[in-house]
Protein chains: 2
Amino acid sequence: MDANTLINEFELPFQLYDVLDTEQLCEHDRFSEHSRQTFDATIETAKKIATDLFLPHNATADKDEPKFDGQKVSMIEEVKVAFDAFRNSGFIAGRYSFEDGGMQLPETVMTALSGYFMAANPATTAYPFLTSAAINVLMHFASNEIKQAFVPRMLTGEFTGTMGLTEPHAGSSLADIKTTATSHEDGTYRIRGSKIYISGGDHELSENIVHLVLAKVPGGPAGVKGISLFAVPKYRLDANGEVAERNDVHLAGLIHKLGYRGTTSTALSFGDANDCVGYLIGEKHFGLRYMFKMMNEARIAVGFGAAMIGYRGYQYSLAYAKDRLQGRVAPNLKPEDPAAAIIEHGDVKRMLLAQKAYSEGGISLCLYGSNLIDRINTCADETQKQELSELLDLLTPVLKAWPSEYGPKANDLGIQVLGGAGYTREYQAEQFWRDNRLNPIHEGTNGIQALDLTFRKLWQKQGLGLKVLQQEITRDLTAITTPQTAKLAKKLTVYIEQLQPLLQHVGQTLTTPQVDTLTANAQALMNIFATIIISWIWIRQASKAEQLLVLTEDSDKQNFYQGKIQAAKYFIDWELPLIQCDIELLTNDNSVCSDMQPQWF
Amino acid sequence: MDANTLINEFELPFQLYDVLDTEQLCEHDRFSEHSRQTFDATIETAKKIATDLFLPHNATADKDEPKFDGQKVSMIEEVKVAFDAFRNSGFIAGRYSFEDGGMQLPETVMTALSGYFMAANPATTAYPFLTSAAINVLMHFASNEIKQAFVPRMLTGEFTGTMGLTEPHAGSSLADIKTTATSHEDGTYRIRGSKIYISGGDHELSENIVHLVLAKVPGGPAGVKGISLFAVPKYRLDANGEVAERNDVHLAGLIHKLGYRGTTSTALSFGDANDCVGYLIGEKHFGLRYMFKMMNEARIAVGFGAAMIGYRGYQYSLAYAKDRLQGRVAPNLKPEDPAAAIIEHGDVKRMLLAQKAYSEGGISLCLYGSNLIDRINTCADETQKQELSELLDLLTPVLKAWPSEYGPKANDLGIQVLGGAGYTREYQAEQFWRDNRLNPIHEGTNGIQALDLTFRKLWQKQGLGLKVLQQEITRDLTAITTPQTAKLAKKLTVYIEQLQPLLQHVGQTLTTPQVDTLTANAQALMNIFATIIISWIWIRQASKAEQLLVLTEDSDKQNFYQGKIQAAKYFIDWELPLIQCDIELLTNDNSVCSDMQPQWF
């Protein structure tokens, strides 16, 4: 088994240049200095750093997780080496302008290259990725002064960043956060409160850590409308902007997770001595809106990461299945016949094909989402820009929830392919499975995503996002010219035709007493909606593969295209029809879950 | 949260005395000394030992797993204390005759009481349970001399037992085992070979360990027909039957598992010095048949254990959901309104109801299976006995595979209910999930179970088992007198009516070239078959609950019965219709998985 192959060599080029037209982005001013060559070279660098410096300590960092001695957090040295290599590559600033010291790369390419890091070692990758996410917020909403203080050194990785949303008592219910920010005569604020599950909340990888913290300024409106956003550094900066004394923010303790064990997950205490300086970002009370504006990217990152961990489990179990000899396959069933590689067994093929469908489906979906961001950013037509933005908003819960639901399913099948070896810690299949188990929860649980879709995103701007989505799907299905994909498209059409009346019914239900059934059945609607989207995403891949199959003489490429077509068939035949059950549930306002009373459990 | 409540107080009485008629067994000679009172007292003892001595170290044994210093295996002391209490309770001999020092308890009761141990601490429970399984084989097939040597001290737990089937290179393919047994002039054999994944293969809990080992006597037939079974003790016995010198069987190493970490999983080396004494059990070359005869019980035990770990996760997340306040529910949605317990949220209800349907469905199924063993054992009519035996054989793959597929699904939802807390090791939800991940693999992977069903069990004795199953289902559905359950039965009938033609089609496919599709699609057939059975199992529960609901004034019992009815509705509405997809796949001989070529991955 070649454990060093993180991604099949044909996968990213196929997604970027055949399924998507990423090269076309170079026609825009923003990316005019780029070409397929510069994209590929950048991805190649990512591959090299990920393979050489992230992959080798993935298992080690899981076994020997960060420790807190009451003063400092320590971790295995390989994390810092890998983090520094990432910093030095310039990837943290990858998406930003040349003038900011960035590489001015499209989101599509940034997402693609991130795949190597997520496949190699999601826990170490979290440190630079969280920093990118924090930069994104500061870049958009912070004053020039605050930006100047923090962003340049975050872009180089000298400073890292975190997102401090969740509090111990409130979880997903941000309306109820209790952290306060009191204005100080020097124009800054004093922060006081506790945050929990803050990834990367303490470590010694960087000179400073900039926490983006949601807090309430006393006297503001109740609920989510009274939340403001603050930059709270671990170390204050002196008059020259240099790192100075400790700020009053402290590590209350490390949280011990089941996966992503190499990433510190922290409980942080702000203002125990009432001296925690925070800087207001943007306007008071707009904090949650700022955060949510940045959620699209963050949620694509979680979805893509989940797909990549799923993909790594798929590749790992695939290598095992090719290598492991066991049992026999027809017609050679005699005891004297040699044992077959388990990849020859029908049930193993099924489990590998499902993993392929789940993980590559998620990868392709998230690259489509990233590409949408590039299309929005490069769009000159304001109407079209608005339409694409609505589409992205609509897809965001799916981009987060579907890959983080199905990536872990792939990892579960990865364990099963290994049999007894799969449940031992001597093999990594179980680590992938544990790592991926965080993804359905963090960055908004998948339950929250389903509610977001059902109660908000579908109806936003009079359902504009949905209209645009339907146009995109129709355009793709109409353009199909190849016979195998045409059959798949026909099967999908049966479900698409049911979607419109179903959504009309759901929309009407929102204003009736049956709305209660929808809070309980939102996951069923997410299943339907996401499965139709992934079917379309698979048809896009199959269509391109079927076209390319007849144009190449390279048998490796032919095999790759055949695999794509077969995985699309698997998804359409084995997974898509399952949503018929969900369609019935919603059509009939099924109230089994909403009728259930707490005392009946 | 009351972490000490392992099983809802109404659950086992409902299953044993309402759904099943366990008391009726006391009319038979074998159980005539028993009554509901003795059954309940025995279960109460199990509950007490499990709660007091097994539950408290469940998390500890997971964190501080057994260690091997090259000489001996050590583990935390609580395991031995718990094991000794189990021994002293007499439960190891529970199912055996009074004359053998047993309690002469029905399988149904033995399974029920085992539920407390599995819920409390599956890893420690494995030691006595594996011993019971080994006793079962010896009791049925060993010569009196061998029985005399080992069984009495195994029944008291002075000796423990293991099952040594799997070898490193062969996995599920027992035909390919290489361990040899050479006959010795003293009538014993010399065993030589390696076994892997042997649970309880070494430890200091007992004075001796009796390994039941599959090996080949040179010169025998190739494949599975040449496998014999041997008893191989860790320590030899002297002329007086006392424990003497070490036998030549050694611990090659401990395997580090992702779950069940408190149970030693071992690689064992037999005959390194060519001096490993083994005793032939029964006839030469009949070893695999003996093992499989005992598989029914062993597989019910795995299925029931998986259901109980699922149930524990359900109860754990249920307690959390009642306790945890977060967010608001209609009509109290204002920020000033108090936060609601998360059990009030629709999506949380859905996740709890699914857990209830999965775990209690598995519990009820396995108790039905155990009761079938009692019905077989007490049956005077030879024809009926044969019929029931065929039914048990047919159900065995389902008894193992369905609960071990859906128990882990329950544990996954248990994590999700806890949100961020669910992915931390500060809470136990993740341990249940890890522990249960072994169950779809060991004691025959679920893939093997699906093949066993598809290629063997359905057709055995001209499909007699299936005919008996249909009679049992028809009898239950016809007897329904209550309106809510009648509706559920009507929904199930739609699928039952499709089963007969489908199985006819599958049966025909077995002799056509399309048989290849069946090796890849066997899991789909398992889904269909098992889901129909679980639907029936839920209708049995709902029917009884609906009858009892109107007969009681006790509001706690009313709530319990309402919960049963609602969980049945959940399963029939939300899970049963999913098999329509599988029915189409098999009806159309879907060849997506079997067509997939290894080089296309």
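Reply: Let us begin with contact, which means heavy atoms within 4.5 Å. In this predicted model, and leaving aside neighbours within four places in sequence, E360(A) is in contact with E11(A), Q15(A), Y311(A), Y314(A), Q355(A), W538(A), Q541(A) and K564(A).

Me: Why is E360(A) called buried?

Reply: Buried means under 20% relative accessible area, and E360(A) has a relative accessible area of 2%, so the term applies. The residue E360(A) lies in helix α10 of chain A, which covers residues 346-377.

Me: What makes the pairing of the side chains of E360(A) and K564(A) a polar contact?

Reply: A polar contact needs a pair of N or O atoms within 3.5 Å, one able to donate a hydrogen and the other to accept it; the side chains of E360(A) and K564(A) make such a contact at 2.7 Å.

Me: How many helices and strands does chain A have, and how do you know that it is as compact as a globular protein of that length?

Reply: The secondary structure of chain A comes to 19 helices and 12 strands. Its radius of gyration is 24 Å, close to the 25 Å that the globule rule gives for 601 residues, so chain A is as compact as a globular protein of that length. Its C-alpha atoms fill a box of roughly 80 × 60 × 55 Å along the principal axes.

Me: What share of the residues of chain A count as buried?

Reply: With the cut-off of under 20% relative accessible area, 63% of the 601 residues of chain A count as buried.

Notes. Residues numbered from 1 in each chain as written. Chains lettered and ligands numbered in written order. Predicted model: local features only at pLDDT ≥ 70, side-chain atom pairs only at ≥ 80, totals over all residues. Heavy atoms only, no water. Helix = DSSP H or I, 4+ residues; strand = E, 2+ residues; numbered from the N terminus. Rg over C-alpha atoms; globule rule 2.2 N^0.38 Å. Buried < 20%, exposed > 50% of the residue type's maximum accessible area, 1.4 Å probe, protein only.
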